[in-house]
Amino acid sequence: RVERPGLLAPDDFAALLAAADLFLAPTADGVSTRRGSTMAALQHGVPVLATDGPLTDPVLRRTPALSLTAVGDRDAYAGAAAAFAADPERRRAAGRAGRDLYEREFDWPVIGGKLIAGLAAI
């Protein structure tokens with residue numbers, strides 16, 4: 001079943017996301033760290049299937065936390081979604097890897113530490 005709930009309040013979005021088996025992010029320009037809903041999926045340990053395009057951040061290309069297909073390759077994306085849906089262990093592993101990536105690179109204490117270190121270097 002595919003849910004497309006539209007705009008939600010943050011708590012409602014978090015509850016729906018936490019119950020998801022797979023987060024699909026077929027963006028036209030590629031997944032990036034600027035996509036809040038994708039970052040929330042990583043934070044919640046939900047496996048992510050996204051598109052790789054010109055705006056995809058290198059950190060998202062170098063990790064097993066996301067499964068990527070080329071922007072515009074609909075057949076590859078559909079095949080990857082079907083493969084993910086059929087493989088619960090792969091989804092669990094990707095979800096754990098996503099949560100680990102989020103905690104290592106994007107959690108607020110990490111971002112705050114990088115900001116403070118950058119300001120101290122000025």
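These legends describe close-up views of a predicted model. Local features need pLDDT of at least 70 and side-chain atom pairs pLDDT 80 or more, while totals for chains, interfaces and linings use all residues. Residues are numbered from 1 along each chain as its sequence is written, and side-chain values use heavy atoms, without hydrogens and water.

**View 1. The largest nonpolar core has 19 residues.** A nonpolar core is a set of buried Ala, Val, Leu, Ile, Met, Phe, Trp, Tyr and Cys residues joined through side-chain atoms within 4.5 Å; buried means under 20% relative accessible area, exposed over 50%, and partly exposed in between (1.4 Å probe, protein chains only). Phe23, Leu42, Val48, Leu66 and Leu101 touch the most other members. Leu101 is in contact (heavy atoms within 4.5 Å) with residues including Val59, Leu60 and Phe106, leaving aside those up to four places away in sequence.

**View 2. A second, separate core has six residues.** Among them are Leu49, Ala81, Phe84 and Ala94.

**View 3. Arg35 and Asp29 form a salt bridge.** A salt bridge is a side-chain nitrogen of Lys or Arg within 4 Å of a carboxyl oxygen of Asp or Glu, and the count by this rule is seven. Here the N to O distance is 2.5 Å. Arg35 is partly exposed at 29% relative accessible area, as is Asp29 at 26%.

**View 4. Arg61 forms a salt bridge with Asp52.** Their closest N and O atoms are 2.7 Å apart. Arg61 is partly exposed, at 43% relative accessibility; Asp52 is partly exposed, at 24%.

**View 5. Salt bridges link Glu89, Arg92 and Arg96 in a network.**
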